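Please view the sequence and the model together while reading.

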Amino acid sequence: VQLQAFGGGLVQPGGSLTISCAASRGTFSSYFVGWFRQAPGKEREFVAGITYSGLSTNYADSVKGRFTISRDNAKNTVYLQMNSLKPEDTAVYYCATSRTWSTRASLYDYWGRGTLVTVSS
């Protein structure tokens with residue numbers, strides 16, 4: 001499975017942005033999918049995850065209530081809707097797939113190229 005995250009950009013604090021993760025050369029309908037982010041000088045951290053069916057989701061405390069993860073298996077795409085963005089949300093965002101429901105990056109097998117989200121006025 002090849003993944004590609006896209007849709008990043010510059011947004012003002014308090015604004016909204018939706019980024020997407022598309023799969024090619026395979027399907028990720030049978031995988032858990034997670035979003036991670038990495039800010040300059042910091043470790044990669046879990047942001048949100050979603051099960052195969054899309055019925056269960058999990059969020060980092062720092063984004064809970066502001067971000068929403070969803071998926072459309074027919075389109076082989078997972079989305080991350082980000083509202084009430086803060087400067088500390090600035091990072092490169094990555095999507096990844098796993099056979100295991102986890103927040104640990106080491107348990108994710110396939111990673112896409114990231115997309116940069118910058119929150120600044």
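Two strands are said to pair if DSSP finds at least two bridges between them; strands (E, at least two residues) are DSSP runs, numbered from the N terminus. The model is predicted, with local features requiring pLDDT of at least 70 and side-chain atom pairs pLDDT 80 or more, while totals for chains, interfaces and linings use all residues. Residues are numbered from 1 along each chain as its sequence is written, and side-chain values use heavy atoms, without hydrogens and water.

E7 and E8 form an antiparallel pair with six bridges. Ser70 lies opposite Tyr79 in E8. Four strands make up an open sheet in the order E1-E3-E8-E7, with antiparallel pairing. Its edges are strand E1 (2–6) and E7, each of which pairs on one side only. On average, neighbouring strands of this sheet are turned by 15° against each other, direction ignored (axes are lines fitted to C-alpha atoms, and angles run from 0 to 180 degrees between N-to-C directions).

Most residues other than glycine have a negative phi.

| Residue | Phi | Loop |
|---|---|---|
| Ser84 | about 50° | between E8 and strand E9 (91–98) |

Asn76 counts as buried because its relative accessibility is 16%. Ser84 counts as partly exposed because its value is 40% relative accessibility. Buried means under 20% relative accessible area, exposed over 50%, and partly exposed in between (1.4 Å probe, protein chains only).
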